[in-house]
Amino acid sequence: MNFLSIFVLIPFLMMIGLFFAKNRNQINAIAATGSVVLLILTAILTFMYLDARAAGDTALMLFRADTVWYAPFNIHYAVGVDGVSVAMIILTSIIVFTGVFASWRIDPLPKEYFLWFFLLTIGVYGFFISIDLFTMFMYYEIALIPMYLLIGIWGTGKKEYAAMKLTLMLMGGSAFLLVGILGIYFFSGAESLNILDIAQKSIPVWAQYYLFPLTFIGFGVLGALFPFHTWSPDGHASAPTAVSMLHAGVLMKLGGYGAFRVAMYLMPEAAHEMAWIFLILTGISVVYGAFSAVVQTDLKYINAYSSVSHCGLVLFAILMMNETAMTGAIMQMLSHGLMTALFFALIGMIYGRTHTRDIRLMGGLMKIMPFLGVSYVIAGMASLGLPGLSGFVAEMTIFVGSFQDASMFNRVLTIVAASSIVTTAVYILRVVGKIWFGKVVDAHHEELTDATWWERVAVITLIVSIVALGSLPFWISNMIHDSLLPVVANLMK
Amino acid sequence: MNYSAFLQLHDELSLLAVIVILLIYDIFAGEKAMRHFQPLAVLLLTAHTALTCWPRAPFEVAGGMYQYVPMLSYVKLILNLGTIIVFLQANEWLQSAESNIRKGEFYFLTLCTLLGMYFMMSAGHFLIFFIGIETASIPMATLVAFNKYNRESAEAGAKYILSAVFASGISLFGMSLIYGTTGTLYFSDLSILLTGGSLQLMAMVFFIVGLLFKISVVPFHFWTPDVYQGAPTSVTSYLSVISKGSAVYILFVVFVKVFVNMVAEWQSILYVLIILSITIANLFALRQHNIKRFLAFSSVSQAGYLLLAVISGSAIGMSAMVYYVLVYMFSNLAIFGVVQAIETRSAKLNISDYNGLYQTNPKLSVVMMLALFSLAGIPPFAGFFSKFFIFTAAFEQGYYVLVFIALVNTIISLYYYLIVVKAMFLTKSEEPIAAFQSNSAMKISLVICTVAILVLGLMNVFFTNISAFGFGLM
């Protein structure tokens with residue numbers, strides 16, 4: 001069995017194990033063990049990958065495996081990873097690990113909760129390791145449908161509405177995507193749905209004009225591309241903590257990753273011609289998301305709009321089509337994934353104590369819960385791009401890369417997008433000042449307790465990752481950069 | 001006349017033997033022996049299925065009036081499996097007071113329709129075809145009216161027979177026009193003689209009405225919701241899967257074999273019908289409160305997807321269609337099984353009655369959810385694969401816009417399937433359906449369906465086997 005497929009197999013085995021689990025302790029034990037195993041496997045994969053590269057293996061994708069699945073349709077089960085996928089797998093493992101600890105006391109129906117949670121995990125891992133368009137699409141949809149029940153059953157607020165909206169919008173995106181994928185396959189005349197094979201062929205330019213928007217929008221819906229982002233605030237605000245973490249942290253990255261891997265890589269001509277349309281849309285995402293976050297009063301909505309803004313920046317940088325900006329985009333995916341997961345974890349913990357997410361009803365919590373307070377401030381600083389934390393590295397690379405582009409249009413857009421940094425500072429500092437410092441607003445909050453051990457595990461893991469990514473970015477950014485070179489070369493030809 | 005040629009029809013002969021054995025047993029068995037009637041019926045049908053499921057070399061009987069191709073063995077296998085599952089699910093209902101005395105008739109009539117479908121699908125001549133389709137229709141009407149003291153069931157039976165006869169009449173008129181313009185009714189001769197003149201075009205349009213009625217495609221679907229609602233649930237599930245599956249197969253065969261010179265015409269007819277079926281059925285399904293009416297519209301929209309494979313007219317389309325029927329059968333029968341189990345225990349049929357079902361009957365809810373996801377085409381369940389193959393087959397032939405419209409419609413269908421999931425899992429209810437245990441026959445049938453939904457897609461052996469016989473027409 002191929003090493004990569006183990007990442008799909010482990011969550012599946014965990015689901016089987018969970019099926020027979022009897023009580024909450026067993027469920028938690030299975031979930032924690034499994035997520036630790038995944039984390040270890042990820043470390044092994046990373047070292048194996050770096051070793052292989054250091055040994056001079058220059059193949060585009062490593063650890064490839066290819067099994068014929070449905071011969072009449074040339075569908076293969078094909079897996080392989082490059083630096084970008086490895087980075088995404090690292091992110092996924094960290095978030096899944098912390099997500100398990102953030103849902104340590106999930107109620108009701110813990111067994112069902114983790115079953116769906118790990119089905120979602122299967123989808124995410126599978127998506128990142130696939131290099132066949134069919135398997136990629138299949139895993140993409142596997143990742144979407146558990147969201148409906150996770151939000152619908154364990155969510156808060158107007159959860160049924162949010163769950164339905166999210167599911168239908170994302171499935172709508174996948175309808176676009178499926179037409180795009182079938183078009184790519186048939187018009188390229190490739191003998192399989194394998195991305196690497198299709199990249200060798202060329203799709204007629206007239207067909208690209210139809211297929212590029214279909215695929216880009218299809219993935220863009222998940223990447224919160226304006227105006228298809230509206231599922232995101234409602235969905236994230238209603239989802240239970242760990243699901244928000246996984247969804248904003250990893251699932252939204254599926255959009256950026258897919259747009260980059262499928263739309264940009266396979267259809268370079270259309271990408272060049274049509275980039276300006278999507279640059280404007282992503283520019284709107286970035287600015288609009290940030291301004292929307294300023295006026296929200298619900299903590300989760302603030303963070304959800306902030307995600308729209310940050311994920312917009314990912315697509316924005318991908319569309320700039322130079323290696324610096326693209327490296328920045330992947331770094332931003334990592335950075336935003338970690339940081340937003342930390343935010344949602346903390347918000348979930350705060351909400352679990354205060355039973356409100358309205359910032360007007362909270363204040364002075366720093367004295368009561370110093371651990372959560374300090375962690376929140378660190379997350380905020382990462383989000384507004386303080387040097388030494390991950391946000392700075394990513395955004396700096398993106399803006400430097402984007403500004404390199406000689407065209408005036410791109411430069412103006414870069415300046416507009418960069419202005420969102422200021423807005424980000426406004427909404428982050430406003431929240432920090434309002435709920436953590438100042439006087440205690442609600443006397444009941446005086447008796448609240450600080451984080452429990454399982455919450456600390458989740459939070460500390462995320463903070464360590466953010467600091468590590470921010471202060472030692474080079475090994476991972478080099479890994480990403482090297483993998484991006486062939487893609488950029490394909491775009492430039 | 002060479003009578004030994006008839007022995008080659010051993011699929012039909014074997015089914016006939018099952019029917020006769022059951023009929024004689026039903027007549028002569030005492031009250032005690034009748035207790036074993038249902039296991040016996042299932043056992044005999046299973047034996048028949050096992051004996052006849054192996055593909056053979058193609059052959060013709062009676063100068064081409066009856067034609068066998070290997071693909072038929074697969075389709076018959078699917079229909080047999082479906083009938084076995086329907087029998088298992090009908091078990092409990094047939095033991096109830098009002099139908100216990102007539103349970104022999106149910107099996108006899110159902111198997112008669114199945115025999116009719118066998119002949120219909122193997123037809124190489126329009127007369128055999130017509131005899132087959134009528135043998136399938138008329139017992140079906142009596143089945144629909146099986147609960148004869150129930151007003152709705154009796155009404156549904158009347159509706160079904162009237163619409164069915166009307167549709168057959170139009171179909172027969174089409175056949176007479178075909179005979180009038182060509183002087184023959186053999187499929188093999190017609191493929192050359194039908195050249196696409198205006199009268200022949202009219203003949204084709206009239207002819208396919210009979211089949212489209214059986215597949216319940218818009219605008220021939222008006223009987224569907226009423227009949228589905230009125231008929232006993234076992235009959236509804238039989239109608240929605242077996243009857244539809246066989247009709248869509250022969251439609252494909254007739255289009256490709258007989259109307260081969262009118263490809264452009266029938267493809268443009270189907271183009272419109274597919275869009276209408278999928279869209280209109282989806283919009284109506286959104287508004288249904290009764291689960292059986294809801295499933296009726298869902299099955300009309302699924303018929304549209306089946307036609308999407310027919311329109312491709314290619315070998316791969318044929319394989320995709322047969323595979324789709326297979327997957328659709330298991331998914332739909334799982335849903336109808338749950339509906340039936342609940343109806344037998346509580347007589348509740350509204351979607352709102354399913355509120356909070358997961359709290360009381362978690363296993364039934366999970367089966368229903370998996371089946372609904374499979375119908376909606378969600379991976380990793382089998383429905384995803386069958387839908388993907390159908391779309392690929394149609395896309396390959398250049399129906400880009402049609403595929404796109406169909407895909408947009410899958411989102412609408414996902415919405416209404418999720419409404420049922422939402423009722424079962426999300427909505428809390430003051431008085432949910434009480435917890436109960438189904439009988440073992442029902443349990444077996446649901447387990448078979450669930451396993452099939454999980455396995456059919458992920459394992460490629462099923463589809464590869466079907467597609468190995470590719471067209472199976474030539």
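Helices here are DSSP runs of H or I at least four residues long, numbered from the N terminus. With that in hand, welcome to a tour of a predicted model.

**Stop 1: two loops in chain A**

Start by selecting Met321(A), which is found in the loop between helix H12 (299-320) and helix H13 (323-354) of chain A. Check its backbone torsions: phi is positive, about 60 degrees, although Met321(A) is not a glycine. Most residues other than glycine have a negative phi, and most peptide bonds are trans. Is Met321(A) buried or exposed? It has 21 other C-beta atoms within 10 Å, and 20 or more count as buried, so Met321(A) is buried.

Now move to His355(A), in the loop between H13 and helix H14 (365-368) of chain A. Here too phi is positive, near 60 degrees, in a residue other than glycine.

**Stop 2: cis peptide bonds**

Next, select Phe226(A) and Pro227(A). The peptide bond joining Phe226(A) to Pro227(A) is cis, with omega near 0 degrees. Pro227(A) sits in the loop between helix H8 (205-222) and helix H9 (231-238) of chain A.

Then hop over to chain B and pick Val218(B) and Pro219(B). The bond from Val218(B) to Pro219(B) is cis, with omega near 10 degrees. You will find Pro219(B) in the loop between H10 and H11 of chain B.

While you are there, select Phe222(B), which lies in the loop between helix H10 (198-215) and helix H11 (223-230) of chain B. Phe222(B) has 13 other C-beta atoms within 10 Å and is partly exposed. For a distance check, pick Tyr149(B) as well: its C-alpha atom is 24 Å from that of Phe222(B), and the two residues are 73 apart along the chain.

**Stop 3: a helix pair in chain A**

Show helix H15 (residues 370-383) and helix H18 (residues 420-436) of chain A. Their axes come within 9 Å and cross at roughly 170 degrees. Angles over 145 degrees count as roughly antiparallel, and H15(A) and H18(A) are therefore roughly antiparallel to each other. To see the contact, select Gly373(A), Tyr376(A), Val377(A), Gly380(A) and Ser383(A) on H15(A), then Thr424(A), Ile428(A), Val432(A) and Trp436(A) on H18(A). By class, this contact has five nonpolar, four polar and no charged residues.

**Stop 4: helix H4 of chain B**

Select residues 70-94 of chain B, which form helix H4. Its 25 residues should span 36 Å at 1.5 Å a residue, and the end C-alpha atoms, 35 Å apart, agree with that. Look along H4(B) for a kink of about 25 degrees, centred on Leu88(B). H4(B) is mostly covered, with 21 of its 25 residues buried.

The contact of H4(B) with H15(B) divides into 13 nonpolar, five polar and one charged residue.

**Stop 5: where the chains meet**

Finally, show both chains together. The contact takes 28 residues from chain B and 24 residues from chain A. On the chain B side, the elements giving two or more residues are H15, helix H18 (382-396), helix H19 (400-425) and helix H21 (461-468). By class, the side of chain B that touches chain A has 20 nonpolar, six polar and two charged residues.

How values were computed:
Residues numbered from 1 in each chain as written. Chains lettered and ligands numbered in written order. Predicted model: local features only at pLDDT ≥ 70, side-chain atom pairs only at ≥ 80, totals over all residues. Axes fitted to C-alpha atoms, helices over the stretch in contact; angles between N-to-C directions. Nonpolar A, V, L, I, M, F, W, Y, C, P; charged D, E, K, R; others polar. Contact = placed C-beta atoms within 7 Å. Expected span 1.5 Å × (residues − 1). Bend = angle between axes of the 7 residues up to and from the residue. Buried ≥ 20, exposed ≤ 12 C-beta atoms within 10 Å, placed from the backbone. Parallel < 35°, antiparallel > 145°, perpendicular 65-115°, else oblique.
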